[in-house]
Amino acid sequence: MGPGHRAGTVLPVISHPTTSPGAAPPAAGATRALAEAEIDLDAIAANVRTIASVTGNDLMAVVKADGFGHGAVPVARAALAGGATWLGVTSAAEALELRAGGISAPILSWLHHPDEDFGPLLAAGVDIGISTMSHLRTAAAHAARRRTTAMVQLKVDTGLSRNGARGTDWADLVALARAYELAGTVKVRGIWSHLADADQPGSPLVRRQVSAFRTAVRVARAGRLDPVLLHLANSAAALTAPATRFDICRIGLALYGVEPVAGAGAGLRPAMTLRSSVVNLKQVPAGTGVSYGPGHVTAEPTTLALVPVGFADGIPRSAEGRASVWVGGARCPIVGRITMDQCVVDVGDRPVRLGDPVTIFGPGPDEPTVAQWAHWAGTNPNDLLTGIGPRVARRYLGVAA
Ligand SMILES: *Cc1c(COP(=O)(O)O)cnc(C)c1O
């Protein structure tokens, strides 16, 4: 993450924009980014309420990867304002960034170096997701040194085959955790796992994982652990598979307003709108080559608009030939190759002027949605949202935070 990107997380919240982003005058001495991701924090808070109204559950807002590219601290604040009770992150650095941002809500962090120094997480009061015996030993040792108790949440692998313990490793992890509980260095607050096929409603794999999870919890209770926080569901499962909900649901994609199951329509509000503007316009005759290579030649006389965003900003090259943007009151196609910094839009005979705003994606239905872009690029919305580059300024709207 570049410095520009980080700076986005500490921008003051702008309550109500008085000018369109493309027209905002720069502050004296400031430069203005060529593209801007406008993040609607009210949408984040509303999505938490919407999801909670469906699930009836407590929610853990997953703000890893800089809040899926939206800015971890502002998203976390908005999610908490909407009623989320936990925050989930991948790494110690992400957890500590939230604490440095003044957030005191409970946090679970779940990916660690083999020899992670858990001291900073313990000092910051962050729960540690534990998948291995060695991490459990390390956490207990750090806690003993600090004369404190490490709050841990044990992860069981129920079929995803990523992190988490399985089989006899699970039983061993439970036994070791109980020994540390008796020594006072560890307390197992939660038990959790992650689903492999949650975006396929009715998937038999989800049913098998729920059953494996229940078995793992029974093993833990038989081993005299008393976890109060059981969790398995991600966004898709929370919204479509009640049996996965347990005590709390870990919500990532849906928090940002992307429907996690195609067609399931939970009424979520996309939080990010990606905008740029027209920086060059030219009328060209039929037969004009556009962008690198021989790929695109105009079929008739037309107007080409240059938009200063490219794959370094997260616009996927693989969407070439399919993608369109909203400019001049219409959807207009990106033509020719998407390059590192720029792409060319064929605006036909529309009355587009220099400086006109270009919406690359947003809530729709005028502009494309991030889900549409994902389809064009042959990827998923998470990939696109987390790929929005550091040159893109983040601007925050809404009063949620
Ligand atoms: C990213 C992640 C989530 C959030 O998943 P969504 O499908 O985006 O809701 C939940 N749990 C874990 C362990 C994750 O890594």
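User: How much area do domain 1 and domain 2 bury between them, and what share of it is on carbon and sulfur atoms?
Analyst: In this predicted model, domain 1 and domain 2 bury about 840 Å² between them, and 65% of that area is on carbon and sulfur atoms.

User: Where are the domain bounds, and what separates the two centres?
Analyst: Domain 1 covers 42-256 and domain 2 covers 271-397, and their centres, taken over C-alpha atoms, are separated by 38 Å.

User: How many residues are in contact on each side?
Analyst: On the domain 1 side there are 11 residues in contact, and they meet nine residues of domain 2.

User: And how many salt bridges or polar contacts are there between the domains?
Analyst: The count of salt bridges between domain 1 and domain 2 is zero, whereas three residue pairs are in polar contact, with both residues of each pair at pLDDT 80 or more.

User: Which elements give two or more residues to the domain 1 side?
Analyst: They are α2 (41-55) and α3 (64-68), and the largest share, three residues, comes from α2.

User: What kinds of residues make up that side?
Analyst: The residues of domain 1 that touch domain 2 divide into seven nonpolar, three polar and one charged.

User: Back to Phe68, where is it, and is it buried or exposed?
Analyst: Phe68 is found in helix α3 and counts as buried, because its relative accessibility is 5%, which is under the 20% cut-off.

User: What about its backbone, what is phi there?
Analyst: Phe68 has a positive phi of about 50° although it is not a glycine. Most residues other than glycine have a negative phi.

User: Changing topic, where is the cis peptide bond?
Analyst: A cis peptide bond joins Gly364 and Pro365, with omega about 0°, and Pro365 is found in the loop between β18 (357-361) and α11 (370-377). Most peptide bonds are trans.

User: Now Thr158, what is its place, and is it buried or exposed?
Analyst: Thr158 is placed in the loop between β6 (150-155) and α8 (168-183), and it counts as buried because its relative accessible area is 10%, under the 20% cut-off.

User: Which side chains does the Thr158 side chain make polar contacts with?
Analyst: The side chain of Thr158 makes a polar contact with the side chain of Ser193 at 2.7 Å and another with the side chain of Gln209 at 2.8 Å. Leaving aside neighbours within four places in sequence, the residues in contact with Thr158 also include His194, Ala212, Phe213 and Leu232.

User: Last one, where is Gly129, and what does it touch?
Analyst: Gly129 is in strand β5 (residues 127-130) and is buried, with a relative accessible area of 2%. Not counting residues up to four places away in sequence, Gly129 touches Leu108, Ser109, Trp110, His112, Gln153 and Trp192.

User: And how far apart are Gly129 and Val261 in space?
Analyst: Gly129 and Val261 are 27 Å apart, C-alpha to C-alpha, and 132 residues apart in sequence.

Technical notes:
Residues are numbered from 1 along each chain as its sequence is written. This is a predicted model: local features need pLDDT of at least 70, side-chain atom pairs count only at pLDDT 80 or more; totals for chains, interfaces and linings use all residues. Side-chain values use heavy atoms; hydrogens and water are left out. Domain bounds come from an automatic or database domain assignment. Contact means heavy atoms within 4.5 Å. Buried area is the accessible area (1.4 Å probe) that two parts lose on being put together, summed over both. A salt bridge is a side-chain nitrogen of Lys or Arg within 4 Å of a carboxyl oxygen of Asp or Glu. A polar contact is a pair of N or O atoms within 3.5 Å; within protein, one must be able to donate a hydrogen and the other to accept it, and residues adjacent in sequence count only if both atoms are side-chain atoms. Helices (H or I, at least four residues) and strands (E, at least two) are DSSP runs, numbered from the N terminus. Ala, Val, Leu, Ile, Met, Phe, Trp, Tyr, Cys and Pro count as nonpolar, Asp, Glu, Lys and Arg as charged, and the others, Gly among them, as polar. Buried means under 20% relative accessible area, exposed over 50%, partly exposed in between (1.4 Å probe, protein chains only).
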